[in-house]
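Please read the following report alongside the sequence and the coordinates.

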Amino acid sequence: MGKKRLMRGSHVIAEAATLAGCRFYAGYPITPQNELPEYLSGRFAKLEDATFIQAESELAAINMVMGASMTGVRAMTSSSSPGISLKQEGISYMAGMELPAVVANIMRGGPGLGNIAPSQQDYFQATRGGGHGDYRTIVLAPHSGQELVTLTMKAFDLADTYRTPVILLGDGLMGQMMEPVTFPEPIEPSALPKKEWTLDGAMERDSRLICSLRLDPFKMEQHNWKLARKYAAICERETEHESYLLDDAVVAVVAFGTAARIAKGAVNRVRKEGLKAGLFRPITLWPFPENEIRALTRSVKHILVFEMNFGQMVEDVRLSVGEKATVHFHGRPGGIISTPHEIADAITRLVYRHELC
Amino acid sequence: MIKQVFKRPDALKDNIFHYCPGCGHSVIHRLVAEVIDELGIRGKTVGVPPAGCAVLAYNYLDVDMGEAPHGRAVAVATGIKRCRPDLVVFTYQGDGDIAAIGTAETVHAANRGERLTVIFVNNGCYGMTGGQMAPTTLLGQTTTTTPGGRIQLRDGFPVDLSQMLAVAGGSVYIERTAVTSPKNIIKTKKALKKAFKVQMDDLGFSLVEILSACPTNWKLSSVDSCKRIEDEVIKQYPLMVIKDTTGTHSGADEGA
């Protein structure tokens with residue numbers, strides 16, 4: 001680990017991507033993530049083997065990433081909510097073609113043009129595939145500057161391991177917030193495992209094809225089941241979460257990303273008042289840590305889901321716990337950042353209403 | 001001693017074309033394969049087929065192929081070429097693909113001077129989906145979505161994408177040809193070879209627009225389809241070198 005650097009989130013993602021061996025970026029300007037391509041344009045200019053393209057559209061950008069990925073290069077794009085909607089075409093194709101890529105979504109308020117304030121409005125879109133077709137994308141939700149480093153780098157590893165697009169789901173606050181971070185040693189692209197499926201010219205081998213077209217329904221079904229088995233393996237192996245002060249908790253807050261950061265502050269506050277609250281933070285939103293949340297209900301009978309939207313992840317929490325706990329919801333859509341005080345109030349009300357102390 | 005004077009190109013697989021009788025794709029595929037053979041680039045060529053009838057080009061061309069979403073071929077090809085400048089990268093696109101849904105990608109790739117070769121097959125309709133109006137459909141031409149013929153007031157004018165691309169600073173060589181006669185087929189092959197060479201010489205963006213028949217959707221015989229191109233389509237889309245700046249500058253010194 002190097003020395004600590006004070007950096008804003010978007011720059012951290014860009015630097016971490018470079019250190020992970022990413023050598024292709026194509027993107028299109030949209031707030032609040034412009035600092036990411038701005039940083040990368042300068043960073044990549046210093047590397048002989050890296051390409052930065054400011055594309056003419058989000059569609060072009062994601063399709064350039066698709067082409068880059070076909071050659072085996074670690075490739076990424078980034079955008080914010082409306083731009084991510086446009087990229088869904090390419091993400092669906094890449095899921096079908098089994099091409100790795102990292103897509104950072106620095107979410108803003110919506111629907112439609114919305115605003116440029118931090119929001120978690122795209123949870124459904126990110127965790128349900130997002131585009132057309134029977135597929136999933138791995139979704140990672142960082143909640144701190146340092147985690148932007150680790151999860152960005154992990155995103156590239158997961159994308160390559162499973163040959164699938166990975167979404168890094170942040171929001172305007174994650175993108176703008178400055179925190180001290182440390183970076184690991186860079187990974188040289190030449191040191192990465194060789195990919196045996198890339199398009200690099202059929203020299204002394206049979207020609208290769210990367211496509212998502214399967215006209216024969218039986219072949220399409222076979223491919224769908226192949227993807228399904230891959231997704232099942234990802235669920236089995238890659239689920240990640242953080243438990244915070246849950247050992248003796250009688251109420252658990254479930255929150256991800258920026259909301260989890262705020263919820264941590266709220267939990268600390270109510271703990272000072274003697275209320276036994278803890279935080280369960282999904283780090284992978286897909287695969288969702290459903291078994292781990294279900295296990296929580298052995299000791300916790302009331303769960304408060306807090307999101308910066310009007311209720312999306314709460315559905316996954318309800319599916320996970322079934323009748324084993326009561327799931328409550330507190331949310332602020334539209335780009336509002338709740339204070340820890342507001343969430344502490346919500347926890348306190350819940351504790352007293354249900355006589356949990 | 002028997003001397004072989006004609007054979008299947010190495011870059012063309014021994015598969016039976018699925019294309020309709022009289023369709024231009026089969027001829028154009030063969031020309032592409034011959035050019036790849038003659039330039040000796042089979043082992044370093046990557047093709048990007050489009051959505052449409054020719055998406056199955058990978059069943060015939062024996063080179064690495066990466067499929068693109070409808071209209072995005074040059075964007076995908078840009079990603080490939082920028083990561084591997086040593087490869088020869090071509091796209092194969094129809095008129096709906098390149099001149100309607102993919103206009104933005106194509107114009108900007110040409111403007112950036114991407115070192116790509118675009119093979120643009122213009123048959124004036126959406127062949128695979130059943131013959132709907134394309135951007136290149138002629139005024140008055142009947143299609144399944146212009147039952148009384150294309151009307152300018154309602155449907156706009158036929159788009160001349162090649163001319164549009166000629167004004168882009170990064171395009172170096174653009175020629176329009178046809179595959180309606182042996183003479184035109186030979187000219188098409190020459191144009192294709194030049195377009196690939198422009199890329200290999202690192203000069204800039206190259207494109208060959210090929211007027212091609214769709215007898216099935218035009219509801220004409222193969223012979224009458226070729227006649228229609230020569231009598232009617234060429235009036236709208238004349239066969240010519242639309243742009244050739246290969247002798248006047250090289251891409252390498254443009255930025256200087």
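Helices (H or I, at least four residues) and strands (E, at least two) are DSSP runs, numbered from the N terminus.

## Model and confidence

This is a predicted model, in which local features need pLDDT of at least 70 and side-chain atom pairs count only at pLDDT 80 or more, while totals for chains, interfaces and linings use all residues. Residues are numbered from 1 along each chain as its sequence is written, and chains are lettered from A and ligands numbered from 1 in the order in which they are written.

The model scores ipTM 0.97 and pTM 0.97. Where pLDDT is low, the predicted coordinates should not be read in detail.

## Overall form of chain A

Chain A contains 12 helices and 15 strands. Its radius of gyration (taken over C-alpha atoms, with a globule rule of 2.2 Å times the number of residues to the power 0.38) is 21 Å, close to the 21 Å that the rule gives for 357 residues, so chain A is as compact as a globular protein of that length. The C-alpha trace of chain A spans about 75 × 50 × 40 Å along its principal axes.

## Contact between the chains

Chain A contributes 31 residues to the contact and chain B contributes 29. On the side of chain A that touches chain B, strand E3 (51-54), H3, H4 and strand E9 (209-210) each supply at least two residues, and the largest share, nine residues, comes from H3(A). By class, this side of chain A has 18 nonpolar, nine polar and four charged residues, where Ala, Val, Leu, Ile, Met, Phe, Trp, Tyr, Cys and Pro count as nonpolar, Asp, Glu, Lys and Arg as charged, and the others, Gly among them, as polar.

## Helix packing in chain A

Helix H3 (residues 58-70) and helix H4 (residues 81-97) of chain A pack at an angle of about 30°, with their axes 8 Å apart; axes are lines fitted to C-alpha atoms, for helices over the stretch in contact, and angles run from 0 to 180 degrees between N-to-C directions. H3(A) and H4(A) are therefore roughly parallel to each other, given that angles under 35 degrees count as roughly parallel, over 145 as roughly antiparallel, 65 to 115 as roughly perpendicular and the rest as oblique. The residues of this contact of H3(A) with H4(A) comprise eight nonpolar, four polar and three charged.

Helix H9 (residues 257-272) and helix H12 (residues 340-353) of chain A also have axes 8 Å apart, but pack at an angle of about 55°, and are therefore oblique to each other. Ile262(A), Ala263(A), Gly265(A), Ala266(A), Arg269(A) and Val270(A) in H9(A) meet Pro340(A), Ile343(A), Ala344(A), Ile347(A) and Thr348(A) in H12(A), a set that divides into eight nonpolar, two polar and one charged.

## Backbone geometry

Most residues other than glycine have a negative phi, and most peptide bonds are trans. The bond from Gly110(A) to Pro111(A) is cis, with omega near 10°, and Pro111(A) is found in the loop between strand E5 (101-107) and helix H5 (123-127) of chain A. A cis peptide bond also joins Trp286(A) and Pro287(A), with omega about 0°; Pro287(A) lies in the loop between strand E13 (284-286) and helix H10 (290-296) of chain A.

Note on methods: Contact = placed C-beta atoms within 7 Å.
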